Amino acid sequence: MDLLDRFARGDLDAFELLFRQFERDVRGWLVRLTRDSAAADDLTVEVFWRIYRAHARFDPTRSFGAWARRIASNAALDHLRRVSRERGARDVRPARTPESTGRQDVNVRVERAFLQLPPMLRVVADLAFVQDWPHDEIAEALGISRSAVKSRAFRAMHQLKDALRREGIES
Amino acid sequence: MNTLSDEHVRGLLKAAIPPPPTDARRGEIWPALRRRIHDGRQHPLRIDYALIAAVVLLCLLRPSVIEFLLLHL
């Protein structure tokens with residue numbers, strides 16, 4: 001019986017082998033989405049815990065890596081929503097220091113506008129606009145359709161422009 | 001009226017948003033995961049026992065439930 005079949009039947013040794021094989025990819029993906037190494041470490045445990053719990057639902061004929069990445073995307077989004085709620089309560093924003101130069105000041109305002117996006121739109125905007133990922137790859141990694149990525153990228157761009165205008169950046 | 005183009009917004013974002021961090025993880029996480037799996041395996045057992053106890057109690061208090069359960073098992 002191969003590794004994926006053994007994992008689907010709940011074999012812990014098979015799961016450990018898969019963990020060793022995919023841990024780096026999953027953590028790297030979590031770092032990309034959350035931009036926070038410490039959070040990514042904690043989320044890696046959470047993601048593999050979710051993977052193990054869902055072993056009976058895994059189809060051994062499908063890619064384990066793609067499945068793991070989708071579970072990681074959901075965990076990262078849960079984390080970003082939680083952080084957003086806490087940020088909303090505390091209104092933590094990038095600080096504007098008196099010695100900020102013009103360029104730094106623009107960057108602070110852009111980052112503030114970016115952080116105002118809802119987590120799902122922020123993740124799509126980050127991958128599509130900052131990290132230049134093709135829509136197909138974003139769709140695969142987030143477990144959504146290509147048209148959903150396109151629509152979210154469009155909404156993210158629209159909301160970003162509004163937020164930038166509120167920040168006084170218009171051209 | 002907003003005069004920002006999509007390309008301009010992309011450029012602003014790339015300049016303002018730092019690249020994702022590249023530092024390595026803190027240490028081995030398999031032991032923590034293994035511990036969590038073992039803890040998790042024990043919790044459903046407790047829930048199972050609680051459910052069995054609740055059903056037994058219900059059957060003792062209302063014997064008509066036994067007939068209902070037999071019909072649905």
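In the predicted model, the area buried between chain A and chain B amounts to about 3500 Å², of which carbon and sulfur atoms give 63%. On the side of chain A, the residues that lose the most area to chain B are A:Arg35, A:Trp49 and A:Lys161, which together account for 16% of what that side buries. In terms of contacts, 41 residues of chain A meet 33 residues of chain B.

Five salt bridges are counted between chain A and chain B, and one of them joins A:Arg20 to B:Glu28, with the closest N and O atoms 3.1 Å apart. Eight residue pairs are found in polar contact across the interface, both residues of each pair being at pLDDT 80 or more. The side of chain A that touches chain B draws at least two residues from each of H2, helix H3 (37-53), helix H5 (102-115), helix H6 (119-130) and helix H8 (146-166) of chain A, and the largest share, ten residues, comes from H3(A).

Within chain A, A:Val26 lies in helix H2 (residues 12-34) and is classed as buried because its relative accessible area, 4%, is under 20%. Leaving aside neighbours within four places in sequence, A:Val26 is in contact with A:Val47, A:Phe48, A:Ala68 and A:Ala72, whereas 32 Å separates its C-alpha atom from that of A:Lys161, 135 residues apart along the chain.

In chain B, by contrast, B:Ile52, located in helix H2 (residues 30-61), is exposed, because its relative accessible area of 51% is over 50%. Together with B:Tyr49, B:Val56 and B:Leu60, B:Ile52 makes a nonpolar surface patch of about 470 Å².

Terms used
Residues numbered from 1 in each chain as written. Chains lettered and ligands numbered in written order. Predicted model: local features only at pLDDT ≥ 70, side-chain atom pairs only at ≥ 80, totals over all residues. Heavy atoms only, no water. Patch = residues over 30% accessible without salt bridge, like charges linked within 9 Å, V, L, I, M, F, W, Y side chains within 5 Å. Areas by Shrake-Rupley, 256 points an atom, 1.4 Å probe, with all protein chains shown as cover. Salt bridge = Lys/Arg side-chain N within 4 Å of Asp/Glu carboxyl O. Helix = DSSP H or I, 4+ residues; strand = E, 2+ residues; numbered from the N terminus. Buried < 20%, exposed > 50% of the residue type's maximum accessible area, 1.4 Å probe, protein only. Contact = heavy atoms within 4.5 Å. Buried area = accessible area lost by both parts, 1.4 Å probe. Polar contact = N/O pair within 3.5 Å; in protein donor to acceptor, adjacent residues only side chain to side chain.
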